[in-house]
Amino acid sequence: MHEMSLVQGLLIQLNELAKEHDRSKVISVCMEIGPLSGVVIDSFQFGFDILAKEDVLTKDAKLIIESPPAIYRCFGCGKEVEAVKRPESCSECSETLFSPQGGDGLILRQVEME
Amino acid sequence: MCDACGCDLKPEHTHDSKVIEVHQSLLAANTAMAEKNRVHIEKMGAIAINMISSPGSGKTTLLEKTIEALGDTIRIGVIEGDIETDRDAMRIRAKGVPVIQLTTGGACHLDAAQIHKGLHLLEKEEGGAELDILFIENVGNLVCPATFDLGEHHRLVLVSVPEGPDKPAKYPKAFHSSQVFIISKTDLLPYFDFPVAEAKAEALQLNPDLLVMDLSATSGEGFDQWLDYLRDLHRNRQ
């Protein structure tokens, strides 16, 4: 459950941003959590739901999570496919080895505050 | 969709709200600290290996046997991570190398800030300021530690024979973020259904660049390959 400590880090960052921009309420938070980030989106959302309520700054904040696919490059022919899950085999050459590119983002994209 | 931010936030927008573009990794603070740790470790003369596995897969035993084999020729230091107790550090200290124990008090992983503290503590131990190889034994957990860079140079993932061969498929992050995969406790292969070749192939499917070894720290089978890997690491560092 490292999602909890990641949410705690996010809330600290939101407090810093609110101070920096002189805002008192977070309306929404937009996160990118890639399929290879090692973070379970449901657990992150669950942690946010619990911890955000404890802070007056974030108690009504809405969390929006986007999960862009990773790119898998075939080890045999180099063909690249976008996918959320690792492909079983390459559609071109049947190779089963792939090297993943991207998809490991755990990024705070935008915050809407007032 | 909102014109200002591109996010699908429309219902909550108000006139005096402001969208702040951040685009920063949640791990940015950890990663920045990990970079500092890497520099610190290199100043100590060392190369660091972050060991990740489930509880009980033989990390500490592997370290004990490694120190017995290489301790005279390579200066080894250890940072032990556990939720509670300093039992692992006591086992390592008994082998005569500098070691410190970090207890996370419940947290399921080590992070770069803890290692920063650990490095300063280790330097106060006798022989702890100048090292060749620093082993960081992470909290026993195949999931959470994989997300946190500690400032290591190599990451090692261990799976022991009794755990079963399906761990790479079930816990992919640890395997595609590592450089080395060790199948440990191979002396137990006669008693468990663990097809070694299949487990290796599955791990390589996740990460074709993985260096895979199978060994038993108890019987010594396959151990030379591991020691050679460490000697090479040390030699290339000099």
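In strand β6 of chain B, Arg155(B) is the bridge partner of Asn50(B). The structure is a predicted model, in which local features need pLDDT of at least 70 and side-chain atom pairs count only at pLDDT 80 or more, while totals for chains, interfaces and linings use all residues. Residues are numbered from 1 along each chain as its sequence is written, and chains are lettered from A and ligands numbered from 1 in the order in which they are written.

Strand β2(B), residues 47-53, runs parallel to β6(B) and is joined to it by five bridges; strands count as paired if DSSP finds at least two bridges between them. Five bridges also join β6(B) to β7(B), residues 180-184, again in parallel, and here Val159(B) has Ile183(B) as its bridge partner.

Turning to chain A, its secondary structure comprises two helices and six strands, in the order α-β-α-β-β-β-β-β from the N terminus. These elements are DSSP runs numbered from the N terminus, with helices (H or I) of at least four residues and strands (E) of at least two. The radius of gyration of chain A is 18 Å, whereas a compact globule of 114 residues would have one near 13 Å (taken over C-alpha atoms, with a globule rule of 2.2 Å times the number of residues to the power 0.38). Its C-alpha trace spans about 55 × 25 × 15 Å along the principal axes.

Helix α1(A), residues 2-21, reaches 29 Å from its first C-alpha to its last, close to the expected 28 Å (1.5 Å times one less than its number of residues). Its buried residues include Leu6(A), Leu10(A) and Leu14(A), and the buried residues of α1(A) pack against β1, α2 and β6 of chain A. After the helix comes Asp22(A), with a positive phi near 55°.

Between the chains, 31 residues of chain A are in contact with 30 of chain B (C-beta atoms, placed from the backbone, within 7 Å). On the chain A side, β6(A) gives the most, with eight residues. Strand β6(A) also runs antiparallel to β1(B), residues 18-25, with six bridges joining the two; in β1(B), Ile20(B) is the bridge partner of Val111(A).

Notes: Buried ≥ 20, exposed ≤ 12 C-beta atoms within 10 Å, placed from the backbone. Contact = placed C-beta atoms within 7 Å.
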